[in-house]
Structure formats: structure tokens, C-alpha cells
Amino acid sequence: MLSLTSPVETPAHGWRVGPKLLALAGLTLGLFLPAPGWPALALALAVLVAAALAAGRWAILAAWLRLFRPLWPFALLLILWHGVTRTPLEGAVILLRMAAAMGAANLVTMTTRLADLQGLVLWLMRPLAPILPAKPLAIAIALMIRFVPVMSDRAAQLAQAWPARSSRRARARLMAPRALAALDDADRVAEALRARGGAL
Amino acid sequence: MERHLTHVALFAAMIAALGLIPRFEVFPGLGITAQSMGVMLCGTILGARLGGMAAGLFVLVLLLGLPIWAGGQGGVGLLATGKVGFILGFPFAAFAAGWVMSRLKGAVGVAAFAASVLGGMIVLYAFGIPGMAWGLGKSLAEAAVICLSFIPGDLVKAALAAGITSAVAKARPAALLSRG
Amino acid sequence: MEPIRLTHASCSVPGKTLLHDLSVTLAGRRIGLIGRNGSGKTTLLRLIAGLVAPSAGTVRLGETDPFADRKAALRKIGILFQNPDHQILFPTVEEELAFGLTQLGQPQAQALALAKARLAAEGREDWTKRAVSTLSHGQKQWLCLQAILLMGPETLLLDEPFAALDLPTETRLRRQLARLPQRLITIAHRPDDLSDCDEVLWLEAGRLAGFGPPAQVLPGFIAEMTRLGAEDAP
């Protein structure tokens, strides 16, 4: 399962994860604090341009731009809404600060290895160790990632058998064996895990 | 212990896989996806605690940077969009669905439908609507109107989740951890 | 090699007894487990591996109770299931190989290095970072075998490892298994698979129907199977 981390090595790949995330959090907070107006617009634009320049310099611009796809429906909605109510400045601020926050966050995602992020998360969760111990959590994360391709192969088989006009009951009857298969798999994988020493 | 772990991990993987089923797109990029049905199933089959953990694991791995949100989206950047409420609401929705499931006696299918609606829709919208309001800079009422378009699709999902849960209960009654 | 000793061992689940009162000592280097479907072969393997506890009697690997003492059992015994998709836990090859070593107490970095070294020794160093989902069925089975061998167990339990493999892959796997110094206990369906075993254990309906060298047990087994095959199904 490919993560969103860029295979192209950038200087940011080597920066420490904790500071990177803290900087991102601070930046996002700063973006959303001012009320919608010209200063807020300028700030959002500045952040967005800075992120784009960094991405360009690090040769990850194309991939970075592609990560903006989730923004489309909101962009459309805002353009329509603020066009109709004739409040373009407000709409522009909302859209740009969302884009800026997202662009900065995606830069962090692209320049941080999953293993490093996971390491940070596990370190942060140390106080929760009595209820959520680190080792089973790490195994659970790996197990989930391992099974996403397996599950999505099954889901793909399902999608083929899911024509738009089939009845609801027919679809449920198709999906139930898949759910059952997932449950059986869970039992067998649990046994394999116990055979190799267990989760604790 | 290991059984709980594998159930949580595999159902989290299932939620991710459901994001890859072709979506019915209301807007380009904003579709009705099967993913929230996965959340419903976590609650109705695994129960509140394990179901909530499964959905929570999904959100964790999503934020760690795996493109497992519907349409291959992922990473912390998603938290900056209007979807933030729905994302963070997943574990609560699954937990609520599981809780309702354990409280309702009677036919599995009916209970699962109620649990899916109460958990997978009402609780989820309770998180999703404020999130969308914040992201889009709109009021709660305005965001709620936008989310109205999700209701028909979600009702279909709840019905499907009920059907699947009921089929599982019939085939493997012991596997229904939500009513153990 | 320590003998595996079952003493009046039974194994049941609610409503059904899977194994009745088995008493046998397994000391050979190649042991075959044979019997009809449902005769309890897989249950016996799981019992020896310590994945289930006997409902009566005892199971011992030397002095170790494999169910109670998982840590010791981990060093003594490994089990290879039929379907590698149920056995592989990690998304990449190196993580899968390293897991057993970390379970035995090695630090992650060292475990990964050993995993890489093992792949290099087998001429497959380019597999190190490969996603498990890109491997074929036979390759996954090979990976599972390597993962267990890395843990260095004395005994290997094999639950029909050749099922679902095509003939060339099966031949390759047989060759690899034949070279192993460990004790192998293999479930087999056909008598021909057992000709080079030291001991054969024949289970019928959860009871010991025969135990001893192949020449002693197989004729009776073949005769019985032929007899059953000649009758029409009940």
C-alpha cells in the first residue's frame, strides 16, 4: 500500500517530525485566527505561494498539486455561494486559507515517512500505555495496512457485481459473504499471530 | 487479545477498501461513498468498543498519510477541509452504533438499521456538520442544509448494513460481538 | 532433538470431541500425519503448537507445555498454515521476516538487518522492501517458511503446505523442506508423500489408528481407505 510520502527525497524529509507538525499546527492556527478580510487574504495567499515555491524547488510540485483534489467540491460550493450573495472577498478568504492550510499539511505529509510519523504517534501515546500499549497498536497498524489491498481486491470484485439497478437485497446478499470472510480471516490471522508469540 | 486486535485491524482495512468502490458523485469530488457503511458495520458487528477502535485505527492511519479516504485521499491535509468533522466523527459514530446495537433487543436486522441510523448518520452528522460549518465559514444551519443531500444515500447504506449484519448473525451467531 | 510427548491427550470444543485419549511419543526427524478429512490432523498440529490447550491429558515438547509457556514454545516450534494469506501479518517482506526476531527479543534494527541478510543468502535481496501484496501465492508461502525458519525452531509443523500450489512450486518447496535439518511433522493426504518419513501417525475420527514406520502403518491405511472408497457414500 503506497503512502502519500514522496519517493523524491527533499531536504524536509530529514527534518524531525515533532517540530514539523508543531510548525504546521502553529501555521494553521495563525491562518484561521484573523477574521475574513484583506489581511487574512494576504496571509493565506502568502502561505500558499510559499508552499508552492517550496514544492517547486523540491521537485514535488506536480504531486503536491494533485493532492488538492479533495478541495474541488468546496471550491465550487464557495464560488457559487459567494458569487450569488456577492461577497467575493469573504469567499476568497475562506477558500484560500483552506487551500493554504491543506497545502502546508500536504507538504508535511509528502516529506515525512510513515514509519517516522508512526514512531511519533507511539511515543506520544506512551502515557496511555495501560489502556493502549504501543506494541499491539504498532501490530494493528501494520496488520491494517497489510490487509487493505486484500480487502480492496474483494471490494473490486463486489463493485463489478454491483450494477446500479440491482435491488438492495441482492447487494446485501453479495456483501454478506465478504463480511463473513473478513470475520473468518480475523480468526485465522489471530491464530497466526498467537503462533508467532502473540501481541503483547 | 489477539482476536480483538485482528478484528479491529481487519475492519479498519475494510473501511479503507470501501472507499474504493465506485461512488455516485453529487459534485465532482464530493460523492456518496460506501465508507460510512463500513463505520456502521464496525458498530453493528464488532460492538461499541472494538468498532470504535476499528474506526479510530482507520482515522489514525489515514492521518499518518495513507490515501484511504474515499477517492484515494489522505494525510493531515484533509483536516483543513470541510470533511474534518466527518473524519474525526468516525470512531464516535461506530461507538454509538455499537452501543445502540447492544441496547436493542429483538430482530438483528431492525436493531442494526436503528443503530446504523443513530450512530452512522445522526452521531456522524453531529460531528460532520459543525466541521463543515467551520471549514466553509458558514453557519451551522447553512452547513446542515448542504448535508441534507447525503441523507438518501446514507439511508440506503443503513439498510444495507442492516441486511449484512442480519446475514452475519444468521450464518455465524457467535461472530456478532456487538451482542455478545 | 527433544521428543514430543502426548499423554492421554484429548481435545474438545463445546459439543464435539476432536481428539480422544492420544498417547504417543514423536521422536523421529521426518514424521507424517495421515488420515481422512475431519480426523483431527489439524487439531493435533495446533495442540502440539500450543495454540489450543488439551481438555484432558498433557502435551509436552521435551519439558515444555507449549500452551502454558508460549515463550519457550516459540523457540522450539513453528507452524506453517495452509494459506499464507492468513499467516502474513506485515505489509512488506522485511517487516514480516523481522517480526519473529523482535518477538524473540531482538531490537528492531538488528532484526531488520538479519532479515535482509537472510534474503541475500537466498539470492532475494531485492525483495527486502517489496510489498507482500505483489508476491505470488508460492512466493508468499516461501516467505512464511523463511519467517519461521529465522526464529530457529527445532520442530516445524506443516499443515498441508502443498495444497493450492502448482506443480513446479510444489516441487521446489519439497526440495527446500527436504534439506532442512529440523524435525518436520507434515500433514499429508496421499501415502506416496510419506515414503521417506521415519514415523507415520494415522488418525481416524480423533483416535490413534496406527503409529510407526511407514512400512508398518501404510499398508493398513491404504487397505482401509480402499475399503471405504469401494463402498458408496453413506
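Start by selecting chain C: its 234 residues would give a compact globule a radius of gyration near 17 Å, and chain C agrees with that at 18 Å (the radius is taken over C-alpha atoms, and the globule rule is 2.2 Å times the number of residues to the power 0.38). This is a predicted model, where local features need pLDDT of at least 70 and side-chain atom pairs count only at pLDDT 80 or more, while totals for chains, interfaces and linings use all residues. Residues are numbered from 1 along each chain as its sequence is written, with chains lettered from A and ligands numbered from 1 in the order in which they are written.

Keep chain C selected and switch to cartoon view. You'll find seven helices and nine strands (DSSP runs numbered from the N terminus: helices are H or I with at least four residues, strands are E with at least two). The C-alpha atoms of chain C fill a box of roughly 55 × 40 × 35 Å along the principal axes.

Chains B and C have no contact, and their closest C-alpha atoms lie 10 Å apart (a contact means C-beta atoms, placed from the backbone, within 7 Å).

Next, bring in chain A. Of the two pairs of chains in contact, A and B share the most contacts. That contact takes 63 residues from chain A and 54 residues from chain B. On the chain A side, select helix 4 (72-84), helix 5 (88-110), helix 6 (114-124), helix 7 (134-160) and helix 8 (168-195), as each supplies at least two residues. Which helix of chain A gives the most to this side? Helix 8, with 17 residues.
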